[in-house]
Amino acid sequence: MISFAPPLTNGGSQIFYYTVTATAGGKSIVSRGVRSPITVRGLTNGTPYTFVVTARNRLGLGVNSPSLTLTPAAALAQR
């Protein structure tokens, strides 16, 4: 899951949805949601991904968030 804060300004138009793009090795996985957090499915454990979040409203796409590189890992099993 990728968590983020909404933008400081929305240009006077309500945000319809957010897009999270995870990129690794020239391939991208895109997920959408209406609020934080957004689950990105299809990632490979141990592979570093660059994540970018963008907001969409009636005015168009917002500015991309600063990119963040994260490496997913398998969840630890609970006893």
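## Overall layout

Reading from the N terminus, the elements of the protein chain go β-β-β-β-β. That makes 5 strands and 0 helices, with both kinds of element taken from DSSP runs and numbered from the N terminus (helices are H or I with at least four residues, strands are E with at least two). This is a predicted model, so local features need pLDDT of at least 70 and side-chain atom pairs count only at pLDDT 80 or more, while totals for chains, interfaces and linings use all residues. Residues are numbered from 1 along each chain as its sequence is written, and side-chain values use heavy atoms, with hydrogens and water left out.

The C-alpha trace spans about 45 × 35 × 15 Å along its principal axes. Of the 79 residues, 28% count as buried, where buried means under 20% relative accessible area, exposed over 50% and partly exposed in between (1.4 Å probe, protein chains only). Contact here means heavy atoms within 4.5 Å. Among contacts with a separation of 6 or more, 47% come from residues 24 or more positions apart.

E1 and strand E2 (residues 27-33) run antiparallel and share 7 bridges; two strands pair if DSSP finds at least two bridges between them.

Thr19 counts as buried because its relative accessible area is 11%. Setting aside neighbours within four places in sequence, Thr19 is in contact with Val30, Ser31 and Arg32, and also with Val52, Val53 and Thr54.

## The largest pocket

The largest pocket has a volume of about 390 Å³. Of its 25 lining residues, Pro7, Val53, Thr54, Ala55 and Val63 are the closest to the centre. The search uses a 1 Å grid over the protein atoms alone: a cavity is a set of points where a 1.4 Å probe fits but cannot get out, a pocket is an open set with protein on both sides within 12 Å along at least five of seven lines, and lining residues have an atom within 4 Å of a point. Grid points are joined across faces, edges and corners, and the volume is the space filled by probe spheres set on the points.

Strands E1 (15-24), E3 (49-57) and E4 (60-61) each supply at least two lining residues, and E3 gives the most, with 6. By residue type, the lining divides into 15 nonpolar, 9 polar and 1 charged (Ala, Val, Leu, Ile, Met, Phe, Trp, Tyr, Cys and Pro are nonpolar, Asp, Glu, Lys and Arg charged, and the others, Gly among them, polar).

Ala55 sits in strand E3 and is buried because its relative accessibility is 14%. Beyond four places in sequence, Ala55 contacts Pro7, Ile15, Tyr17, Tyr18, Gly60, Leu61 and Gly62. Ser13, in the segment before E1, is buried because its relative accessibility is 5%. Not counting residues up to four places away, Ser13 touches Asn57, Arg58 and Leu59.

There are 2 aromatic pairs. One of them, Tyr49 with Phe51, is tilted, at 6.2 Å centre to centre and 50 degrees between the planes. Rings of Phe, Tyr and Trp (its six-membered ring) pair if their centres lie within 6.5 Å, with planes under 30 degrees apart called stacked, over 60 edge-to-face and the rest tilted. Both Tyr49 and Phe51 are buried.
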